[in-house]
Amino acid sequence: MDFPILEICDDELGEGWLRKYFHPHGLHCPQCGRSVKHARDFGQTSRSHVHRYRCRDCQAVYTVYTGTVFAHKQLRPAQVILLLRGVCKGESTASLSRELQVAYDTVHHLRQQLHAIARRLQPNTPLPDAVTETDEMFQNAGEKRRKTPRSDRSATPAR
Ligand SMILES: [Zn+2]
């Protein structure tokens with residue numbers, strides 16, 4: 001079931017959350033590296049509703065999305081946050097597309113990009129814990145399925 005969740009999400013709060021997680025060392029000019037404190041607030045973008053900044057030093061214009069996979073996608077902060085949440089929770093592309101009112105192809109493409117980034121960021125070192133819990137072994141492996149009939153047995157199941 002799809003909920004109209006976007007209606008209760010605040011863009012200003014969402015942008016603050018995105019700044020915190022997309023730019024943990026603070027938002028900076030992508031061209032010269034100066035802090036956003038040295039930029040003029042250029043108003044909000046019309047479709048994505050995020051602040052646009054113009055660097056006072058190099059005149060570069062940027063937003064919280066600049067330099068991320070969400071640049072030029074024209075998504076509201078709530079759409080981005082809920083899309084990230086949905087991808088992490090394994091929600092289907094079709095469901096996310098409907099619920100967030102984002103084109104299926106856009107959700108699909110962003111999901112692929114996010115997975116590629118996640119794969120790149122995975123550590124190559126083994127887990128430090130030598131003991132593996134049983135539930136960890138089955139995590140992401142799906143539920144137990146019925147055994148498939150072996151090919152060397154009769155096609156007619158025994159009763
Ligand atoms: Zn600059």
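## Helix α3 and its burial

Helix α3 is largely enclosed by the rest of the structure, because 6 of its 8 residues are buried. Buried means under 20% relative accessible area, exposed means over 50%, and partly exposed lies in between, with a 1.4 Å probe and protein chains only. The buried residues of α3 are T93, S95, L96, S97, E99 and L100. The elements that cover them include α2 and α4; contact here means heavy atoms within 4.5 Å.

## Basis of the model

The model is predicted: local features need pLDDT of at least 70, side-chain atom pairs count only at pLDDT 80 or more, and totals for chains, interfaces and linings use all residues. Residues are numbered from 1 along each chain as its sequence is written, and side-chain values use heavy atoms, with hydrogens and water left out.

## Overall layout

The chain holds 5 helices and 3 strands. Helices (H or I, at least four residues) and strands (E, at least two) are DSSP runs, numbered from the N terminus. In order from the N terminus, the elements run α-β-β-β-α-α-α-α.

The chain has 159 residues, of which 29% count as buried. Among contacts between residues at least 6 apart in sequence, 53% join residues at least 24 apart.

## Packing of α3 on α4

Two packed helices are described by the angle between their axes and the distance between the axes. Axes are lines fitted to C-alpha atoms, for helices over the stretch in contact, and angles run from 0 to 180 degrees between N-to-C directions. For helix α3 (residues 93–100) and helix α4 (residues 104–121), the axes come within 9 Å and cross at roughly 125 degrees. The two helices are therefore oblique to each other. On the scale used, angles under 35 degrees count as roughly parallel, over 145 as roughly antiparallel, 65 to 115 as roughly perpendicular, and the rest as oblique.

α3 passes α4 in a right-handed crossing. A crossing is right-handed if the near helix is turned clockwise from the far one by less than a right angle, and left-handed if anticlockwise. On the α3 side the contact uses T93, A94, L96 and S97, which meet Y104, V107, H108 and R111 of α4. These contact residues divide into 4 nonpolar, 3 polar and 1 charged. Ala, Val, Leu, Ile, Met, Phe, Trp, Tyr, Cys and Pro count as nonpolar, Asp, Glu, Lys and Arg as charged, and the others, Gly among them, as polar.

Q101 lies in the loop between α3 and α4, just after α3. Its phi is near 55 degrees, a positive value in a residue other than glycine. Q101 counts as exposed, at 64% relative accessibility.

D105 is found in helix α4 and counts as exposed, at 59% relative accessibility. D105 and T93 are 12 residues apart along the chain, and their C-alpha atoms are separated by 8.7 Å.

## Packing of α1 on α2

Helix α1 (residues 11–22) packs with helix α2 (residues 77–89) at an angle of about 55 degrees, and the axes are 8 Å apart. α1 and α2 are therefore oblique to each other. The crossing of α1 past α2 is left-handed.

The contact is made by D11, G14, E15, W17, L18 and F22 of α1, together with P77, A78, V80, I81 and L84 of α2. By class, the residues of this contact are 8 nonpolar, 1 polar and 2 charged.

H72 lies in the loop between β3 (61–62) and α2. H72 is not a glycine, yet has a positive phi of about 65 degrees. With a relative accessible area of 81%, H72 is exposed.

V36 is found in the loop between α1 and β1 (39–44). With a relative accessible area of 12%, V36 is buried. Leaving aside neighbours within four places in sequence, V36 is in contact with R19, L27, H28, Y53 and Y62. V36 and C55 are 19 residues apart in sequence, and their C-alpha atoms are 7.3 Å apart in space.

## Cysteines

A search of the whole structure finds 0 disulfides, a disulfide being a pair of cysteine sulfur atoms within 2.5 Å. C29 counts as buried, at 3% relative accessibility, and C32 counts as partly exposed, at 37% relative accessibility.
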